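Please consult the sequence and the structure shown here before reading on.

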Amino acid sequence: MKGDNSIFRNAFFNILYKITNIAFPIITAAYCARVLPVDGLGKISYVQNNASYFLLLASLGIPAYGLREIAKYRDNKEKQNEIFSDLLAINFIFTSVSVIIYIVCLYAIPYFRQERLLYTIFGIPLILNFLNIDWLYQGVEEYSYIATRNAVVKIASLILTIILIRDSDDIYTYAMILSIFTSLNYILNIVHVRKYIKFRKPSHEIRMHMKPLLYLSLSSISTVLYAQMDITMLGFIKGHSSVAYYTYSQKIIFAFVTLMTTITGVFFPRLSYYFQSDKKGFNRLISLGLNFNMLISIPTCIGIIFLAEPLILLYLGTDYMSAVSSLRILAFMLPLKSIGDLVCYQVMMSAGQELKLMVSYIITCVVNFINNIIMIPQMGALGASIASVISELIVFMFVFYYSKNYFQIEDKKSFVKNTSAVITGTLLMSLWLVGCNNVLDNIYIHLIVGFIVSVVIYFVTNIAFGNTLILDFLLRRKSE
C-alpha cells in the first residue's frame, strides 16, 4: 500500500487541480463581468443550470460510486477493469436517454425553444458525458494527470476568452467556449485511459451496480435540486439579473470551499480502503481533516462577511453591488460544506450508507423548495441565499447524526484545544475587521490590510493557544 507520502503527493496535485479550477474561472468571470451585460451572463448561468439537470440524469451517481469501487479494489487490476467497463456501459446508456429527453425539451418547452441556440451549445457536454471518467483517475489516485490536463485546458480557455470576447454581443461565443473546453476534458480522458484500464465486455454482474447507483442517483438528484433549484426559481420569478447576482456570489463562496477541501478531498479513496481494513488509520485521517477544515473554514467565513463589499467591488465592479448581501449570507455555507464534505459525505460513502444520504438529501430538497417559494418573491437573490444556508445546515445536521457512528476523534483533548484556539482567534480577528470597516474607505487598502492583519492575528492566536495542527506542522518543517 502507498505510504503517507503518496497522500501528500496527491494533495499537492489536487491543490494544483483545484487552484486552476478556481483561479481561471475567477479571472474569466471578472473579465466577462466588465465586458458582457449582467442580463446576458445571468442568461448563460440560467441555461447552464437547467442543462445540469440532464447531466445529472446521464451520470446516475457514477462519479461517486465509481471512485469508491475503483479505490476499494486498488490491489485487484482485473476487478478494476470489470467495474470500469460495466460503469462505462451504464453511463453510455443513461447519457443516450438523457440526450433524447433533452432534445424533446428543446422543442416541447417554450423557454427552451426561445433560447434554443444556448441550449444546443450546452448540450454538447451532455452528449459526451459518458467520457467524463475523472472518477477513475481519482480512484487510482492519478491526481497528477487530472491536474496537468485541467491546467492546460483552463489556460487555453482563458486565452481564447480574452481574444474573442470583446463586446456585449459576444454572449454566444462565450457560451461556446465554455461548452467546448468542458467537452475537451472528456475527450482527453478517454484518449489517456488505456494506460490504466483494459476495456472488456460488460460482465454478467452489471445489474449488481444498479441498486447502489439508484440510491446515489437519487441522492445526487436531491443534492443538485436543493443546490440549484434556487437558480431555476430565481430566474423564473425575478429574471436573469437576479440570477447573475446570486450565481456570482456562489462562485466566490464555492471557490473558497474548493480551496479548503483541496487537502481533505484526496482522502476519499484512502478512506474507502481504510474503512475495510484499518479503522485506526480511518479515524486518524478523519481527525486530521476535521481539525484542518475547522482551522481554515471558520475564520474564512467571518472574513468574507466583513470584507464582502470591497471584495465585490474589486472583483466584479459597481454593477454587482446588489450581490453583497447574498455573499454575506452564503459565507455561512463555508464551514458547513467543507466540514460536512469530510465528516458527513466521505464517511457515509466509505461506510456504504448511500440510502441514508439519499433520505437526508430528499428531505432537505423539500425544505429548500418551500423556503424558496416563501423567500424569493419577497427578497430575490437574498432570499435564495438564506434558503440555501438553511438547507445546507439541515443536511449537515441530519447526516452528521448518522456519520458520527462510523468514526471517532483520535485525540479528543487536542481537538478541544484546537477548537478553543480557532474560536478565540476568530473573535480577535473579527474585532480588527470591525475597526477596518469603520475606518478604512479605500477598497484596496481595506481589503489588503484587513486580510493580511487578520491572518496574522488569527494564526498568532492559534499558536499561542497551542493549536496542535499548526504546531506539529511547524515542528516538522523545522526538523526538515
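**Helix packing and a buried residue**

In α12, the residues I253, F254, F256, V257 and M260 meet L334, K337 and S338 of α16, contact being heavy atoms within 4.5 Å. The model is predicted: local features need pLDDT of at least 70, side-chain atom pairs count only at pLDDT 80 or more, and totals for chains, interfaces and linings use all residues. Residues are numbered from 1 along each chain as its sequence is written, and side-chain values use heavy atoms, with hydrogens and water left out.

**α12 and α16**
- The axes of α12 and helix α16 (residues 333-350) lie 9 Å apart, at an angle of about 35°.
- This contact of α12 with α16 comprises 6 nonpolar, 1 polar and 1 charged residues.

**α12 and α14**
- Helix α12 (residues 240-260) and helix α14 (residues 279-315) have axes that come within 10 Å and cross at roughly 150°.
- α12 is therefore roughly antiparallel to α14 (angles over 145 degrees).
- On the α12 side, the contact is made by I252, I253, F256 and M260; residues of α14 in the contact include F292, N293 and Y315.
- The contact of α12 with α14 has 10 nonpolar, 3 polar and no charged residues.

**E115**
- E115 sits in the loop between α5 (110-114) and α6 (116-121).
- E115 counts as buried because its relative accessibility is 7% (buried means under 20% relative accessible area, 1.4 Å probe, protein chains only).
- Leaving aside neighbours within four places in sequence, E115 is in contact with K43 and Y172.

Methods:
Helix = DSSP H or I, 4+ residues; strand = E, 2+ residues; numbered from the N terminus. Buried < 20%, exposed > 50% of the residue type's maximum accessible area, 1.4 Å probe, protein only. Axes fitted to C-alpha atoms, helices over the stretch in contact; angles between N-to-C directions. Parallel < 35°, antiparallel > 145°, perpendicular 65-115°, else oblique. Nonpolar A, V, L, I, M, F, W, Y, C, P; charged D, E, K, R; others polar.
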